[in-house]
Amino acid sequence: MTGTKRGQGNLLQAPCECIDYVILHELCHIAEHNHSEWFYRLTGQVMPKWGKTKERLDGVATSIIM
């Protein structure tokens, strides 16, 4: 990964499954640089319920970023 990710300094406060999702998301970007259909299929092959995990992360994001 060559870019800098902002707002992830408090990520370690998130539930473990959410941390796993963020790592997986970034690893999938090695194979597919954008959020294409193929990107999400790849994500789903590794973490079939990634959508629910992302919703959980979105739900706690405000409290861990502050």
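Me: Is K54 buried, partly exposed or exposed?

Reply: This is a predicted model, and the class follows from the relative accessible area, with partly exposed lying between under 20% for buried and over 50% for exposed. K54 has a relative accessible area of 32%, so K54 is partly exposed.

Me: Which side chain does K54 meet in a salt bridge?

Reply: The partner is D58, at 2.9 Å from N to O. D58 is partly exposed as well, its relative accessible area being 43%. Both residues sit in helix α3; because they are four residues apart there, about one helical turn separates them.

Me: How many salt bridges does the structure hold?

Reply: There are three. One of them joins R41 to E37, with 3.7 Å between the closest N and O atoms. The test to apply is a nitrogen-to-oxygen distance within 4 Å. R41 and E37 are four residues apart in helix α2, so they too are about one helical turn from each other.

Me: How exposed are R41 and E37?

Reply: R41 has 47% relative accessibility and counts as partly exposed. E37, at 59%, counts as exposed.

Me: Which salt bridge involves R56?

Reply: R56 meets E17, side chain to side chain, at 2.3 Å from N to O. To read such a pair, look up the element that holds each residue. R56 is partly exposed at 41% relative accessibility, and E17 is partly exposed at 35%.

Me: How many aromatic pairs does a search of the whole structure find?

Reply: The search finds three. For each pair, read the distance between ring centres and then the angle between planes; an angle under 30 degrees counts as stacked. For Y21 and W50 the centres are 6.2 Å apart and the planes are at 10°, so this pair is stacked.

Me: Where do Y21 and W50 lie?

Reply: Y21 is in helix α1, which covers residues 16-31, and W50 is in helix α3, which covers residues 50-65; the pair therefore ties together parts 29 residues apart in sequence. Both Y21 and W50 are buried.

Me: What is the geometry of the rings of Y40 and W50?

Reply: Their centres are 5.0 Å apart and their planes are at 20°, so Y40 and W50 are stacked. Y40 lies in helix α2 (residues 37-46) while W50 lies in helix α3, so this pair ties together parts that are 10 residues apart in sequence. Y40 counts as partly exposed, at 29% relative accessibility.

Me: Which residues form one aromatic cluster?

Reply: The members are Y21, F39, Y40 and W50.

Me: How many residues are in the largest nonpolar core?

Reply: In soluble globular proteins, nonpolar side chains tend to be buried together. Here the largest nonpolar core has 14 residues. Those with the most contacts inside this core are L11, A14, Y21, V22, C28, M47 and L57.

Me: Which elements give two or more residues to this core?

Reply: They are α1, α2 and α3. Of these, α1 gives the most, with six residues.

Definitions and conventions. Residues are numbered from 1 along each chain as its sequence is written. This is a predicted model: local features need pLDDT of at least 70, side-chain atom pairs count only at pLDDT 80 or more; totals for chains, interfaces and linings use all residues. Side-chain values use heavy atoms; hydrogens and water are left out. Rings of Phe, Tyr and Trp (its six-membered ring) pair if their centres lie within 6.5 Å; planes under 30 degrees apart count as stacked, over 60 as edge-to-face and the rest as tilted. Buried means under 20% relative accessible area, exposed over 50%, partly exposed in between (1.4 Å probe, protein chains only). A nonpolar core is a set of buried Ala, Val, Leu, Ile, Met, Phe, Trp, Tyr and Cys residues joined through side-chain atoms within 4.5 Å.
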